[in-house]
Protein chains: 4
Amino acid sequence: MVIVMAPDVTPEDIDAVVRLVESTGGEAFVSRGVTGVFDPATDREQVRVTRVVIGLVGDMEQLAELNLREMRGVAKVTLVSSKFKLVSREHHPQRSVVDVAGVPIGPTTMTLIAGPCAVETPIQTLAAARMAKAAGATLLRGGAFKPRTSPYAFQGLGERGLKILSDVRDEIGLPIVTEVVGVEDVDMIASYADMLQIGTRNMQNFPLLQAVGATRKPVMLKRGMNATIEEWLMAAEYIAQRGNLDIVLCERGIRTFETATRNTLDISAVPVVQRMSHLPVIIDPSHSGGHRDLVLPLSRAGIVVGADGLIIDVHPQPDRALCDGPQALIAEDLRELSRMVGELSAVMGREPADTEQERRLAG
Amino acid sequence: MVIVMAPDVTPEDIDAVVRLVESTGGEAFVSRGVTGVFDPATDREQVRVTRVVIGLVGDMEQLAELNLREMRGVAKVTLVSSKFKLVSREHHPQRSVVDVAGVPIGPTTMTLIAGPCAVETPIQTLAAARMAKAAGATLLRGGAFKPRTSPYAFQGLGERGLKILSDVRDEIGLPIVTEVVGVEDVDMIASYADMLQIGTRNMQNFPLLQAVGATRKPVMLKRGMNATIEEWLMAAEYIAQRGNLDIVLCERGIRTFETATRNTLDISAVPVVQRMSHLPVIIDPSHSGGHRDLVLPLSRAGIVVGADGLIIDVHPQPDRALCDGPQALIAEDLRELSRMVGELSAVMGREPADTEQERRLAG
Amino acid sequence: MVIVMAPDVTPEDIDAVVRLVESTGGEAFVSRGVTGVFDPATDREQVRVTRVVIGLVGDMEQLAELNLREMRGVAKVTLVSSKFKLVSREHHPQRSVVDVAGVPIGPTTMTLIAGPCAVETPIQTLAAARMAKAAGATLLRGGAFKPRTSPYAFQGLGERGLKILSDVRDEIGLPIVTEVVGVEDVDMIASYADMLQIGTRNMQNFPLLQAVGATRKPVMLKRGMNATIEEWLMAAEYIAQRGNLDIVLCERGIRTFETATRNTLDISAVPVVQRMSHLPVIIDPSHSGGHRDLVLPLSRAGIVVGADGLIIDVHPQPDRALCDGPQALIAEDLRELSRMVGELSAVMGREPADTEQERRLAG
Amino acid sequence: MVIVMAPDVTPEDIDAVVRLVESTGGEAFVSRGVTGVFDPATDREQVRVTRVVIGLVGDMEQLAELNLREMRGVAKVTLVSSKFKLVSREHHPQRSVVDVAGVPIGPTTMTLIAGPCAVETPIQTLAAARMAKAAGATLLRGGAFKPRTSPYAFQGLGERGLKILSDVRDEIGLPIVTEVVGVEDVDMIASYADMLQIGTRNMQNFPLLQAVGATRKPVMLKRGMNATIEEWLMAAEYIAQRGNLDIVLCERGIRTFETATRNTLDISAVPVVQRMSHLPVIIDPSHSGGHRDLVLPLSRAGIVVGADGLIIDVHPQPDRALCDGPQALIAEDLRELSRMVGELSAVMGREPADTEQERRLAG
């Protein structure tokens, strides 16, 4: 059951609904939509809420008897039948924009996220960030906590890596996206990051989904390498249900019998997801192909299939990378990437996203 | 073992090599390359051969003792180690152009093939062909022999369907591409068709591959829905080994666990194949997605990932189609397709292929 | 539409139905059931027909108007809704026995088929056949026509191989099972073989299915490595529809992401198929595992999961085999196989099948 | 790098090694092997350690310079090249026995684990446990924390469910196996459970693997539905590296294109794993097949392929189950299961595991 609140709802109205639901043994999760409504005159942390939705869990018959429809501030009560509710496009036909510290990801822009797969040293991270920015990236990716198949592989620098990322952000001005692996690290990582990434192996780590859902940070949810599109949207629903609708989906390739590529990029997932959900969706051509020379063709394909952004590995010296070097782009690839993003975004009627854009658009 | 003959080789030189190899119990298959060399001043059936390659099968030690390198007309004898030889890019770095009755498929053009999945009636076929031509298609597809999972499903009109296709070709001027299912039908179908199609279920039907390899017609080889890229190129090698190098590969989606789409279009296969083989490669967005509204996004992705063409289902009345109606484009989609092919081909530095182009290019 | 004829139906009754159906433009395929009813007093080629079923293809409304139910010899007319009809268990609840030159494959026996993957020489074939017989095999497998992924791999000895098999049969007394690859070879191969095998790559080679369906020889239909169980039964329906119900299904592993084994044996397919179809089903532990040391464990699993038989590669010198040596069993494995087949068959209430058994059972 | 300590090693020796390694910035994880050595005269919590292995993570060159080989209590220092070390059979050829509160899982026994998929009520849990015990189960499974694809599905009773399980254990005497989903719950769950289960969706939840690795409880590690066998053993290595070698692997089906079964049981994984690792491996026929009538055939197959145990869903009223009812066995199936486990275990030379056995064997 989903309750859509009226535009002029007050915190007291919301509290009243929550308390009533909880009094019957049910649970109420409040989601605050912020799509395209950040106030350009204010600091990025300040949020102008335009849409409040409350998802209910519990005994449906009992909840139906509460007559929630009549409560103050309630606009609509929906008994949704589709498997996912808050992330479904059924009740939210307009595609959402997620704001990452001023950088929009949504239907009218093309957002380039780039950076090193893993943060290794301050010098490597700064160099990669400069490459990323020069190529037109407006968000910096970088992993400090790395989930690795082998316990003997490099596991990331941990909080030390986050400090490096934070310093690099101060230096070059790109907001940062970084992965969370464990529930216990979510708050600490959220204190550094502008966007939290859930990796492919954790797509069904439900406590972790709930933990990032409880933060106020935008989340990038990578598709599980064996997950159906429906399961992926269900995972997004776990995040949304805890009150965080700032979710960007990321297609990064699925596991198939083909071994010529690291994974098989399911390019069709982009239009399929956009039909089913209002959430933005981006693609990761680096991890799906697994080879440097596939990154540009797959990036082109991603843009014109309709993706809202790209996330790309770059490294100043790929042959020395501690993680996924073979797929990292180098400087000359990036010039071509930059040129091509501009040209194809224009064909698709999108403009490259930048850090000031969201403010300008809203201003 | 592969023998590359000199540019001025004579038929007698070729015969001498073949006879010598056969005298030792081996087999010799002569491939005549016609890449980009059709004579514009002559009829389309006349072929100017520029490159002759002879593939040998037999006892390699015995063949090595024949001293073939010294024979007249022999330019090079190669003991290739790669699994495929004639279709590999290793010994043929330039990407090939396949000429289909005057329409080129290759690295500088974007060829649109369209038509009904199955030929049903003369009126339906003509209407679909007109839609295809209006959208910019320069080759007409249409199935008269349909391999269907169920013996109780519509199996195609057989030769009657080929006659309809042939009449439509006379009427609107597009060369025709049609599927062969059985070895016994190859010659009959080749007498009607301009290009023979091998479907996904027959990709490893080796006698059929050898039979189309023995014709002089260009072949479109669809990827098996469970075939690795390597197996696909091996299947092309079966065709090439019988002397027919006019092969166009067609990626049409692979079978995975995802059920939201009919198949998973393996878009990465295009650049991977182009690195491994000199053969042109096109994509089939209709059969991979299985839904009308995926055809345009996947077509766009196919063009910019670098495909040499597209093959698309169209039907004047998709809801009445006897085969694969849900994925057939209708008239308004086709206008958008046409616009988009033009725009994105230009971005990729390709020009749309037409029936006169090959002559002009060569003239 | 399926017509079940009465037990006392005459050839004239059957002809009358067929002619009437054909007069409306439809097609009628007569299947003669011979399950468990071979006459032990007569030559193996003589067949006592106990059940005649006619499958109809055409315009269902038109066929319905023919009032076939009233014709002489017709017991029942069924408008079956399930996707497969003749092979379905819905109208044939008793599980079938297929008789291969006196050797039964069915629900009360455990039939061991063994032999070399490929026939190479008379000596190798005879040695392998002796190994097979010593291990309790009552049918001899051996390939003379081999569908190979690469055109440069050993393709089998062709008819010369069939002659070797035939000589070995005369010598040691085991009926032979061998693969058909091309429609044009079916009659020739059927003149040597006791059972025709359709390989995994040809499971959807529909003309080939129809061709073996038109013979009087039992057919072993291997599952396509990417085929769903439903598609596999549909392929069997193609054979049955041409009048041949003597079909044995063979599970040989499917293609998955796992690379530790050659294919993934889908052991669950055995009970699933047995619930859906009356046809016998056996397993091939050699091709699914691809390693010698997996053959015995998978054979044990196959027997107790309920399979009606096993087909196993043996070779006197696996390290010299021209095809699939790594998975061929050697003599000491075979003693263990023999012991284990006896013990586990007893647990399952089956007795090992032998060449005289069918006669005795029916006598 | 792995250090094998001498049999007479003292806690002080171990500490000395750990401190030295840590002084260089490396990490040392102590694993205490308890395989088959529990003292029958004592309480189950008391453990007789027979084998101490220390896994090192850090700068290998630096660690090599420490000359660890010369330290007191060190028997061997190995620079292992295989991807997994502690769980590999390479350095531990004898197959391990894991003791779960007195019930052995290992190469000479057949352990039956049964119970409800989810704990719902005290009555349902007790009834299911009685069914399980009557069928010969010696361990009770039951989920209190359920990872569900949808946030709107029943998520389990949490700690209340654990109390129910604990009461049922007191009542009928079977040790309990239950799932852990979040790192933060591990200690609490370990205070109730005799064995901790890691579910398929968490196989690569590395912090969770490390957390259970830090407990003294045996762990059942289910295979990820998309995990290769190598990745599965790597996940086990994460647990082992934290000092817990009491790991039982559980094959529960992988995700493939086949939809007739819930998952595809990869029965070959059992012998493949046993060749690569010394850890016990069991199969879950309930979750792989997803249908009640597949559970018995797949259980039979599992026993004879060589599995060390089975884990099976039972429910007193499957049609009312809150989770996975369609695959739960009912009373009459269980009688057949019991009979069959006895018969086939004997064929395989194993005896059914019981709670006193481990003590008797060691006594």
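Four salt bridges are counted between chain A and chain B, a salt bridge being a side-chain nitrogen of Lys or Arg within 4 Å of a carboxyl oxygen of Asp or Glu. One of them joins R275(A) to D293(B), with the closest N and O atoms 2.9 Å apart. The model is predicted, so to speak of local features a pLDDT of at least 70 is needed, and side-chain atom pairs count only at pLDDT 80 or more, while totals for chains, interfaces and linings use all residues. Residues are numbered from 1 along each chain as its sequence is written, chains are lettered from A and ligands numbered from 1 in the order in which they are written, and side-chain values use heavy atoms, with hydrogens and water left out.

Across the interface of chain A and chain B there are also eight residue pairs in polar contact, both residues at pLDDT 80 or more. A polar contact is a pair of N or O atoms within 3.5 Å; within protein, one must be able to donate a hydrogen and the other to accept it, and residues adjacent in sequence count only if both atoms are side-chain atoms. On the chain A side, α8, α10 (292-305) and α11 (331-347) each give two or more residues; helices (H or I, at least four residues) and strands (E, at least two) are DSSP runs numbered from the N terminus. The largest share, eight residues, comes from α10(A). By class, this side has 19 nonpolar, seven polar and eight charged residues, where Ala, Val, Leu, Ile, Met, Phe, Trp, Tyr, Cys and Pro count as nonpolar, Asp, Glu, Lys and Arg as charged, and the others, Gly among them, as polar.

In all, 34 residues of chain A are in contact (heavy atoms within 4.5 Å) with 34 residues of chain B. The buried area is about 2700 Å², of which carbon and sulfur atoms give 69%; this is the accessible area (1.4 Å probe) that the two parts lose on being put together, summed over both.

Chain D is superposed on chain C by a rotation of 179° with 0.0 Å of shift along its axis (RMSD 0.2 Å). The two copies are thus related as by a two-fold rotation axis.

In chain A, S277(A) sits in the loop between α8 and β13 and is buried, with a relative accessible area of 0%. A polar atom of its side chain lies 2.7 Å from the backbone oxygen of V87(A).

Methods
Least-squares fit on C-alpha atoms with pLDDT ≥ 70 in both. Buried < 20%, exposed > 50% of the residue type's maximum accessible area, 1.4 Å probe, protein only.
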